[in-house]
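Grab a pencil and open the viewer. Try each exercise yourself before you read its worked solution.

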Amino acid sequence: MSLKLLWWRMLGAVDQAAGLLVTSFQKARLQDVESNTMKVGPGEAARLRTFRRLWMALRDILDEIGLKGGTSMLVLQAVEALSLLLYSVQTVLAIIKGFTWATLWMTILATVSLVSSSTLCDSGQKVADKMQMVAVLLESTPAANLSPAVEYELDVFRQNMVLKSAAIRLCGFVPLNRPFLGSVLVVLLTYLMVLLQFALL
């Protein structure tokens, strides 16, 4: 559980940083929308460059979290998924054969495991959504009266976002988000049905 707490803290910190980036970017874009044009001076290009560097730094942090801590989190998620499966089988069998205190304890453990996994995946999804919000805001940037420096920064920013999306990928390939949790639950339910059929024979 301490590993999950560490992940929640890391994701919370990155979520706050991404939130600050989105808020700052929204304020800058709101000023541009109100004036119906983007400032054409060198200051605007420097501001876009700063946003791009911050976005890329956060993306790199997400990559590092996923690569360096991904193996331990994948192992933890696999062990918890297996435990959840076994607890679920025992709970269903106990309900059929008779409820005991051990069954109640297993049900509580399974529920805590499921809630902690879903909260962790939800945190990963929130971070990815905030990072994607910058791309949405960037696409809504007015294109009128842009200086070459601003156009260049916008193009580089867009290319960076297209080249590599910002999300936590455990071991570099398993995204930590809500669809991941959904796919794990589908697999668990499938195996639960199979194991229950064997157990009831």
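**Exercise 1.** Work out which residues in α5 are buried.

*Solution.* Keep in mind that this model is predicted. Start by finding helix α5, which covers residues 178-200. Next, look for residues with under 20% relative accessible area, the cut-off for buried.

**Exercise 2.** Check how far α5 reaches, then look at its start.

*Solution.* Count first: the helix has 23 residues. At 1.5 Å a residue, you'd expect 33 Å, and the model gives 32 Å from first C-alpha to last, which is close. Now zoom in on the start of α5: there, a side-chain oxygen of Asn177 comes within 3.1 Å of the backbone nitrogen of Phe180.

**Exercise 3.** Find out how many aromatic pairs the whole structure has, and see what Phe157 pairs with.

*Solution.* The search turns up three pairs. Take Phe25 and Phe157: their centres are 6.0 Å apart with 85° between the planes, so edge-to-face, since that label needs over 60 degrees. Phe25 sits in helix α1 and Phe157 in helix α4, so this pair ties together parts 132 residues apart in sequence. Trp55 and Phe157 are edge-to-face too, at 6.3 Å and 65°. Trp55 belongs to helix α2, so its pair with Phe157 in α4 ties together parts 102 residues apart in sequence.

Terms used:
Residues numbered from 1 in each chain as written. Predicted model: local features only at pLDDT ≥ 70, side-chain atom pairs only at ≥ 80, totals over all residues. Heavy atoms only, no water. Helix = DSSP H or I, 4+ residues; strand = E, 2+ residues; numbered from the N terminus. Expected span 1.5 Å × (residues − 1). Buried < 20%, exposed > 50% of the residue type's maximum accessible area, 1.4 Å probe, protein only. Polar contact = N/O pair within 3.5 Å; in protein donor to acceptor, adjacent residues only side chain to side chain. Phe/Tyr/Trp six-rings, centres within 6.5 Å; stacked < 30°, edge-to-face > 60°.
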